[in-house]
Each structure stands twice: as C-alpha cells, then as structure tokens.
Amino acid sequence: MGSIRQALVLLGISAVKKWATLLAMADIDDKPNELLVTALVRAKMCELAAASRPAREREEFFTTGMFSVVDALLDSPMDVVLASLPLSDEVKDALHRRQGPKGVVLSAVLAYEQARFEDLKALVPPGASAQEIYTESIAWARQAGLELEASTAAEPAAVL
C-alpha cells in the first residue's frame, strides 16, 4: 500500500486506528515487550467477550483492553493519563473505575489473568468458553506482534 487513503480503503478505519495505537504503544522503548503483548491479549479478549454486540461497541471493548496498560506504559496514574486521552466517558469509567459493561468485562479479563475463575461470567458470550477466548486472543496477539515487528522494520511508505 502506498498511502493512508489506500490503507483506509483496504483495511477500514477501525483497523487502521488499531494499528496506529499498536504502533504508538510499541514505540515506547524502555518498557518490556510483554506489556504490549498483555495489552493485545486483553484487547482481543474484551472484543471477543463482546461478540454479540454491534461492531462499534466491540471496537470500544477492544480499546478498553488495549488501554488497560497505558498507565504502566507511561509511568503515570491512570486518572492522569485518561484526562489527556480522547476516549469516551464510558471507556474512561471502565479503565479507571471498572464501571459499566466494558468495566465488568475488563474486570473479568483481569480475573482470568489472575486465575480467579469464579469471576468470569461477564467474559464468556453464549457458545464460547473463557479458555477459547484466551487461546484465540493469544494466537491473535502473537500474529499481531509479528506483523508489528515486520511493519516497524519496513520503510514507512511500505507500511501504509
């Protein structure tokens, strides 16, 4: 792809936003790569947990998971970081207070990470299991990480 317009047409605005976020987060050199992997896995788990919701809401669930590590990435309290980000109040409440549907799902994702399996009701949509969501999220995060490494190694014009 040779331009941002081509990227938007081929990938869609949502996908381009996700990749821009990933690229920005990956550019923080003094942080362990595992923090980015955690963000990717949480984002995908939140999105998959919202599988029965409209696409726009699933994107916000993804964003909630992705930004759940932003305080650690920036070495700043979550409320301070959130004050400077153009996120919806609902996403901010989910990140800071674990309130609303997104906050409930994020809490369930964090519970899964901590092996508190009794708290997973909000994570699993009908017809799925927490293990399936986690496994799919890990696979997706690995693939996204590989693509991210490849795109940062390429020339900027080749990325877009």
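Is Arg-98 buried, exposed or partly exposed? At a relative accessibility of 32%, Arg-98 counts as partly exposed, because that class takes in values between the buried limit of 20% and the exposed limit of 50%. Keep in mind as you read that this is a predicted model.

**The chain as a whole**

Let's step back and look at the overall picture. The chain holds 10 helices and 0 strands, and from the N terminus on the order of elements is α-α-α-α-α-α-α-α-α-α. Of its 160 residues, 36% are buried. The accessible surface is about 8,900 Å², and carbon and sulfur atoms account for 56% of that surface. Take the contacts between residues at least 6 apart in sequence: 56% of them join residues at least 24 apart.

**Helix H3 and its two partners**

Now follow helix H3, which covers residues 33–49. One partner is helix H4, residues 55–66. The axes of H3 and H4 are 7 Å apart and pack at an angle of about 150°. Angles over 145 degrees count as roughly antiparallel, so H3 is roughly antiparallel to H4. The crossing of H3 and H4 is right-handed. On the H3 side, the contact uses Ala-39, Leu-40, Arg-42, Ala-43, Lys-44, Cys-46 and Glu-47, while H4 brings Arg-58, Phe-61, Phe-62, Gly-65 and Met-66. Sorted by class, the residues of this H3 and H4 contact are 7 nonpolar, 1 polar and 4 charged.

Another partner of H3 is helix H8, residues 100–113. Here the axes come within 10 Å and cross at roughly 125°, and H3 and H8 are therefore oblique to each other. The crossing of H3 and H8 is right-handed. Thr-38, Arg-42, Met-45, Cys-46 and Ala-49 of H3 meet a group from H8 made up of Val-105, Leu-106, Val-109, Leu-110, Tyr-112 and Glu-113. The classes in this contact of H3 with H8 are 8 nonpolar, 1 polar and 2 charged.

**A buried alanine**

Which residues does Ala-94 touch beyond its neighbours within four places in sequence? They are Thr-64, Gln-99, Lys-102, Gly-103 and Leu-106. Ala-94 sits in helix H7, residues 89–97, and has a relative accessible area of 0%, so Ala-94 is buried. Leu-106 is 12 residues away from Ala-94 in sequence, and their C-alpha atoms are 7.3 Å apart.

**Two loop residues with positive phi**

Most residues other than glycine have a negative phi. Asp-75 has a positive phi and belongs to the loop between helix H5 (70–74) and helix H6 (78–83). Arg-98, from our opening question, has a positive phi as well and is found in the loop between H7 and H8. Here are the two, side by side:

| Residue | Phi | Relative accessible area |
|---|---|---|
| Asp-75 | near 50° | 58%, exposed |
| Arg-98 | near 60° | 32%, partly exposed |

Conventions
Residues are numbered from 1 along each chain as its sequence is written. This is a predicted model: local features need pLDDT of at least 70, side-chain atom pairs count only at pLDDT 80 or more; totals for chains, interfaces and linings use all residues. Side-chain values use heavy atoms; hydrogens and water are left out. Axes are lines fitted to C-alpha atoms, for helices over the stretch in contact, and angles run from 0 to 180 degrees between N-to-C directions. Helices (H or I, at least four residues) and strands (E, at least two) are DSSP runs, numbered from the N terminus. Angles under 35 degrees count as roughly parallel, over 145 as roughly antiparallel, 65 to 115 as roughly perpendicular and the rest as oblique. A crossing is left-handed if the near helix is turned anticlockwise from the far one by less than a right angle, and right-handed if clockwise. Contact means heavy atoms within 4.5 Å. Ala, Val, Leu, Ile, Met, Phe, Trp, Tyr, Cys and Pro count as nonpolar, Asp, Glu, Lys and Arg as charged, and the others, Gly among them, as polar. Buried means under 20% relative accessible area, exposed over 50%, partly exposed in between (1.4 Å probe, protein chains only). Accessible areas come from the Shrake-Rupley method with a 1.4 Å probe; for residues, only the protein chains shown count as cover.
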